[in-house]
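Please read the following report alongside the sequence and the model.

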Amino acid sequence: MFELDERFFDEIGVNRMPEKEREEFKKHIQDEVEVRVGERISDGISAEKLDEFEMIVDGDSDFIQNWVLNNSPNYKNDEIYMAFVGQNDGQESAEIIAEYAAMKWLQINRPDFQQLVAIVMDEMKSELRANMDKIIG
């Protein structure tokens, strides 16, 4: 859904780490941010809605197709869907529909998703900056 960019890592001082450890550390931080964002997404969302999202993320194609048709019947005209197809050289696929469904689910159920990501990233950046000397050793 999102990926931390090099600027994020430069700002926390990852470039001071030995190269061998740097990539592994970046992967760990990406995973941790995703967990924290996931926790924030689930705050205040019903178990039923979370189950929907899980089935979408897990790639349950029958569920995804039904969910999209019920929640966005004109999805082929949706700018988000068209952008995903455009990024795939104009080819539609099950993966594109799944990615679209995940984004649409977030748009409907967590319209504050982008803000949640920004908050978590800022919190993580502050934690890492404060502890980078200890992390590097």
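How many aromatic pairs does a search of the whole structure find? The search finds five, where rings of Phe, Tyr and Trp (its six-membered ring) pair if their centres lie within 6.5 Å, planes under 30 degrees apart counting as stacked, over 60 as edge-to-face and the rest as tilted. In one of these pairs, the ring centres of Tyr75 and Tyr100 are 6.1 Å apart and the planes stand at 35 degrees, so the pair is tilted. Because Tyr75 lies in the loop between α4 and α5 (79-87) and Tyr100 in helix α6 (residues 94-109), this pair ties together parts that are 25 residues apart in sequence. Both Tyr75 and Tyr100 are buried, and ring pairs link Tyr75, Tyr81 and Tyr100 into a cluster.

This is a predicted model, in which local features need pLDDT of at least 70 and side-chain atom pairs count only at pLDDT 80 or more, while totals for chains, interfaces and linings use all residues. Residues are numbered from 1 along each chain as its sequence is written, and side-chain values use heavy atoms, with hydrogens and water left out.

Helices are DSSP runs (H or I, at least four residues), numbered from the N terminus. Buried means under 20% relative accessible area, exposed over 50% and partly exposed in between (1.4 Å probe, protein chains only).

Salt bridges, each a side-chain nitrogen of Lys or Arg within 4 Å of a carboxyl oxygen of Asp or Glu, number 14 in the whole structure. Three of them are listed here.

| Salt bridge | N to O distance |
|---|---|
| Asp133 and Arg16 | 2.5 Å |
| Glu92 and Lys76 | 3.3 Å |
| Lys26 and Glu23 | 3.5 Å |

Lys26 and Glu23 both lie in helix α2, three residues apart, which is about one turn of the helix, and Lys26 is buried at 9% relative accessible area. A further set, Arg7, Glu11, Lys125 and Arg129, is linked in a network of salt bridges.

On the surface, Glu48, Asp51, Glu54, Asp58, Asp60 and Asp62 gather in a patch of negative charge; such patches are made of residues with over 30% relative accessible area and no salt bridge, like charges being joined within 9 Å. Helix α3 (residues 47-57) gives the most to the negative patch, with three residues. Asp62, by contrast, has its place in helix α4 (residues 61-71), and Asp62 is exposed, with a relative accessible area of 59%.

Key: Patches are made of residues with over 30% relative accessible area and no salt bridge: like charges are joined within 9 Å, nonpolar side chains (Val, Leu, Ile, Met, Phe, Trp, Tyr) within 5 Å. Accessible areas come from the Shrake-Rupley method with a 1.4 Å probe; for residues, only the protein chains shown count as cover. Lys and Arg count as positive and Asp and Glu as negative; His and the chain ends are not counted. The place of a charge is taken as NZ of Lys, CZ of Arg, CG of Asp or CD of Glu. Helices (H or I, at least four residues) and strands (E, at least two) are DSSP runs, numbered from the N terminus.
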